[in-house]
Structure formats: C-alpha cells, structure tokens
Amino acid sequence: MTSEQTMTAITAEAVEEALLSFLAERVKTAVEPDQDLFKSGLVSSMFAMQLVVHLEEQYDIAVIGPDLTLNNFRTVHAMTSLVLRLRNASDTAGNV
Amino acid sequence: MSEELASERAMIDEVVGDQPASWDIAGEIPIGLLRKLGADGVLCAQVPAAFGGLGRSSLHNGELTAHVGSRCSSLRSIMTSQGMAAWTVQRFGDRDQRRQYLTELTSGQLAAIAFSEPSAGSDLSAMRTEIGTDGDSVVLDGKKMWVTGARYADQLVVLGKHGDGASFLVVPTSAPGVLVETVADPLGCRAAGHAHIRFDNVRLPASCLLGGGGQGMQLLFTTALCYGRFSVAWGCVGIVRACLAAATEHARHRRQAGKPLADHQLIAGHLAELLVAEQVSTRVCEHASRCWDSASPDMVIAAVLAKHVSAGHAARSGSIAVQVLASAGAQDGHAVARAYRDAKLMEIIEGSNEICQLILAQHAMTIPPDRS
C-alpha cells in the first residue's frame with residue numbers, strides 16, 4: 001500500500017479517507033474530518049506521536065522541526081494538508 | 001551479533017575496564033572518557049551518518065545500551081541523556097541546527113536534557129521555566145531538577161513554556177546566568193552527574209530555539225521522552241544481565257553444606273527468576289526496537305511497555321542478586337550492590353511505574369476486544 005501511494009500522485013481525498021479509517025480503527029469511534037481530536041478527548045499526545053510516525057511511514061515524508069506542532073494533527077483536514085504540503089516540498093526540493 | 005556491535009562492545013569494555021566500582025564510590029566518571037566515547041559516536045549511536053553519527057538501528061543501539069548498562073548504569077545514564085538530546089535536535093531542529101548540534105554531539109561535546117522542576121514532573125501544566133522573546137534574543141528563567149549528566153554537559157536542551165506553547169532551547173552551560181549544582185550522594189547511578197540547574201535571566205540568540213520554538217508542550221515532551229524510554233528499558237536489560245551473571249558465578253563457586261549454592265533448591269529458584277527476567281525484558285525491548293526500526297505507530301506504547309517491564313525486572317533482579325551473593329555483594333561499588341540501588345531509580349525516571357501504568361491502562365481501553 002505504501003509503495004503504491006508513493007509511486008502515484010496523492011489526492012486529498014485519498015489521504016483523508018485513509019486517515020479516517022486509521023483513526024476509526026485505533027480509537028474505535030467514527031471521526032469527522034474537521035473534528036478537533038484533542039479537544040474531544042479522543043486523542044492524547046501519546047497518540048499524536050503515533051500519528052506522526054504513521055504519516056511519515058505511510059506517505060514517505062519527514063515531519064520535523066516547526067511542523068511538529070499539535071495543530072498540524074488536530075483534525076484530519078489539518079493532517080491531510082500537512083501531508084500534501086510535505087509531499088510537494090519533497091518532490092521539488094529533495095527531502096533531508 | 002553483528003561485527004560492528006561486537007567491536008563497539010569490545011571497545012567499551014577496554015575503555016571501561018573494572019572502573020565502574022570506583023566511579024560509583026567516587027560519584028564521578030572521568031570526563032575525558034566520556035568525551036572519547038562521545039567522539040566515537042557510541043553515546044548517541046542512532047545519529048545518522050550524514051551528521052557524523054554511527055547511524056545504528058534502534059535494535060543495535062539497544063543491545064549496545066544493554067551492554068553498557070551491564071557494566072555501569074551511570075555511564076549508561078549519560079548515554080541516555082546524550083541520545084535524548086541528539087534525538088530531540090534531530091526531531092525538532094531545523095536543517096542548520098541539526099547539522100551543527102548533531103556534529104558537535106558526535107565529536108566529543110556532551111549534552112543533557114532538562115525536564116523536571118521542583119513542582120513539575122509528569123504534570124507539565126505545572127512547569128514554570130519560561131522562555132521570553134526579546135527581539136532577536138530569547139531570555140530563559142527557571143529551575144530544573146535532577147538533570148542527568150548536567151554536571152558533565154557542555155550543552156543543555158531545556159524544555160520551557162514559550163508564548164502560548166513551549167520550546168526546547170539549547171543552552172551552553174557556560175552561558176552567563178546558568179548555575180549547575182551537582183546532586184550530592186544520589187541513591188543510584190551515583191556517577192551519572194545529576195544536577196539541579198538554575199537559569200537566571202539567561203540571554204541567548206533566538207537561533208538556539210529548536211525549530212523556531214513554539215510547539216506544543218505535550219508533543220515536545222512525549223517525543224523526547226520516547227527515546228529515553230527505549231534507552232532506559234535497554235539499560236535495565238543490562239542491569240538484569242549483570243545480576244544474572246554475578247548470581248550464577250557466585251552460585252557455581254560458593255559452597256554451602258558440601259555443595260555449590262546452585263544445588264540448593266531455594267537458590268535455584270532465584271537463579272530461575274533471574275533467567276526469566278533477562279529473557280522477558282530482552283524480548284519486550286526487542287519488540288519495541290523493531291517497532292521503532294519499522295516506523296510502526298505502535299512504537300510509542302511499545303516503549304512505555306518495555307520501560308515498565310524492564311525496570312520492574314531490573315529492580316527485582318537487583319534485590320534477588322544481592323540475596324544470592326549475600327555478604328559478598330553487600331558493599332557499595334559491587335556490581336550487585338550498584339544494580340540494587342541503580343535499578344530502583346529506573347522505576348522512577350522516564351515515567352515512574354505509576355505513570356507507565358496510567359498510560360498502559362489508557363491504551364488498554366482503546367484496544368478493540370478482538371485484538372486483546
């Protein structure tokens with residue numbers, strides 16, 4: 001699944017859908033794309049770090065430095081735009 | 001065992017020799033030795049080769065950490081601090097900071113990482129240390145406690161409140177306003193250089209903020225601590241191995257009522273417990289490291305589990321080993337006496353037993369019934 005995704009262009013819809021199903025599996029609750037995961041108590045900072053690792057592995061990106069802020073992981077929408085932004089950045093600039 | 005691991009272990013044994021007992025009694029490790037091991041890259045062996053590190057996997061670094069831990073938990077604690085500082089820079093630093101600091105940390109410079117405060121341990125909301133912004137400068141004020149390795153450190157990676165969020169600030173111990181006060185006579189890891197630190201109006205360029213600062217306190221804390229938990233967990237495997245080795249050696253040679261201690265059933269029970277402890281803690285750490293190396297999201301919980309299981313086994317093993325050796329091991333400096341004292345601290349740091357249990361319980365509540 002990972003290799004397929006890294007080979008082809010990734011759409012926001014695909015990222016969002018994959019994230020929603022990952023979250024549904026992990027927290028046992030259906031979440032909305034714009035739902036605040038931390039405020040709703042569904043997700044702890046411990047889980048936030050799991051999300052970081054998951055996104056890095058799944059989309060071949062490195063979430064480092066200033067991007068490692070809870071706001072980027074607050075909603076499925078926020079995570080989706082983070083993934084797309086970092087994918088674009090690595091396509092154009094190389095990823096160190 | 002890989003060739004690299006074997007040669008790293010041999011190098012450490014040669015440098016360390018039989019000195020851990022005297023380090024424990026003196027409460028100090030010669031700093032030149034720490035700088036040498038730092039320059040060899042073994043204090044933070046997971047730093048990528050691009051930054052001058054050894055680029056080892058978590059599993060490799062874990063076995064290396066266990067080896068150091070089997071010799072000296074004070075030295076292993078320094079390794080944990082240096083590794084956490086390096087990991088934090090790698091994770092949160094920008095490109096220039098990663099290049100600069102990671103190169104320094106693999107060239108003989110020593111670093112410590114500062115979280116705990118007089119009234120804030122795991123309760124981050126109680127943290128008082130504050131980083132203020134003043135033009136191109138930042139100003140640090142606050143107190144940190146029990147900072148492992150701080151006595152030897154050139155750099156401190158300090159967690160503080162910053163605006164609406166938090167930041168890690170890299171602070172040279174030589175900066176004006178930094179006061180490092182070594183903790184006298186700690187219960188265990190006596191040569192690990194624990195210190196209390198006061199920061200009084202410490203002014204530094206804003207470029208010392210990792211990644212520009214202003215991240216979320218929880219994420220900063222959890223991320224940095226995750227590496228520390230791996231390191232402590234593997235260090236505890238080392239403590240258990242040292243206990244197993246000392247107890248079996250003693251039980252083989254010491255004779256009581258005409259036969260070796262090992263042939264006495266009550267002693268044999270202790271030896272079996274030590275073997276179980278060694279196997280169980282090794283396996284749980286291996287699992288956690290494989291999660292790290294395969295970038296599995298489970299690594300975060302696996303680290304807590306490994307730390308909790310291994311620290312418990314280390315504490316029990318220290319007690320068992322002292323029991324088996326009895327008067328032969330009941331003196332400061334002796335491997336099992338050190339294990340007994342050092343292991344107790346491992347049930348406290350990087351998430352106490354109770355905090356680990358809270359995290360594990362919370363995790364248990366999220367596991368669907370068919371996966372448990």
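**Chains A and B: a working chat**

Trainee: Quick one to start: is Glu350(B) buried or exposed?
Mentor: Glu350(B) is buried, because 25 other C-beta atoms lie within 10 Å. Here a residue counts as buried if 20 or more other C-beta atoms lie within 10 Å of its own, as exposed if 12 or fewer do, and as partly exposed in between, with C-beta atoms placed from the backbone.

Trainee: Before I go on, what sort of model is this, and how are things numbered?
Mentor: This is a predicted model, in which local features need pLDDT of at least 70 and side-chain atom pairs count only at pLDDT 80 or more, while totals for chains, interfaces and linings use all residues. Residues are numbered from 1 along each chain as its sequence is written, and chains are lettered from A and ligands numbered from 1 in the order in which they are written.

Trainee: Back to Glu350(B), then: where is it found, and what is its phi near?
Mentor: Glu350(B) sits in the loop between α10 (335–346) and α11 (353–364) of chain B, and its phi is near 55°, a positive value in a residue other than glycine. As background, most residues other than glycine have a negative phi.

Trainee: And Ala295(B), which loop does that lie in?
Mentor: Ala295(B) lies in the loop between α8 (265–293) and α9 of chain B, and its phi, too, is positive and near 55°. Ala295(B) is partly exposed, since 14 other C-beta atoms lie within 10 Å.

Trainee: Changing topic: how many helices and strands are there in chain B?
Mentor: Chain B has 11 helices and 9 strands, where helices (H or I, at least four residues) and strands (E, at least two) are DSSP runs, numbered from the N terminus. Buried residues make up 53% of its 372 residues. Its radius of gyration is 21 Å, which agrees with the value near 21 Å for a compact globule with 372 residues; the radius is taken over C-alpha atoms, and the globule rule is 2.2 Å times the number of residues to the power 0.38.

Trainee: Where does Leu169(B) lie, and what does it touch?
Mentor: Leu169(B) lies in strand β5 (residues 165–172) of chain B, and it is buried, with 24 other C-beta atoms within 10 Å. Leaving out residues up to four places away in sequence, the residues it touches include Ile131(B), Val138(B), Leu204(B) and Cys208(B). Two residues are in contact if their C-beta atoms, placed from the backbone, lie within 7 Å.

Trainee: What about α7(B) and α9(B), at what angle do they cross?
Mentor: The axes of helix α7 (residues 217–253) and helix α9 (residues 299–325) of chain B come within 8 Å and cross at roughly 25°, which makes α7(B) roughly parallel to α9(B). Axes are lines fitted to C-alpha atoms, for helices over the stretch in contact, and angles run from 0 to 180 degrees between N-to-C directions; those under 35 degrees count as roughly parallel, over 145 as roughly antiparallel, 65 to 115 as roughly perpendicular and the rest as oblique.

Trainee: And how does α7(B) run against α10(B), parallel or antiparallel?
Mentor: The axes of α7(B) and α10(B) come within 10 Å and cross at roughly 155°, so that α7(B) is roughly antiparallel to α10(B). Val232(B) and Cys236(B) are among the α7(B) residues in this contact, and Ala335(B) and Val336(B) are among those from α10(B). By class, the contact has 11 nonpolar, no polar and 1 charged residues; Ala, Val, Leu, Ile, Met, Phe, Trp, Tyr, Cys and Pro count as nonpolar, Asp, Glu, Lys and Arg as charged, and the others, Gly among them, as polar.

Trainee: Now chain A: how many helices does it have, and how many of its residues are in contact with chain B?
Mentor: Chain A has 4 helices and 0 strands, and 33% of its 96 residues are buried. On the interface, 20 residues of chain A are in contact with 22 residues of chain B. The elements giving two or more residues to that side of chain A are α2 (12–27) and α3, with α3(A) giving the most, 9 residues.

Trainee: So how does α3(A) pack on α7(B)?
Mentor: Helix α3 (residues 45–59) of chain A and α7(B) pack at an angle of about 70°, with their axes 9 Å apart, and are therefore roughly perpendicular to each other. Ser45(A) and Met46(A) are among the α3(A) residues making the contact, and Gln218(B) and Leu219(B) are among those of α7(B). The residues of this contact divide into 5 nonpolar, 4 polar and no charged.
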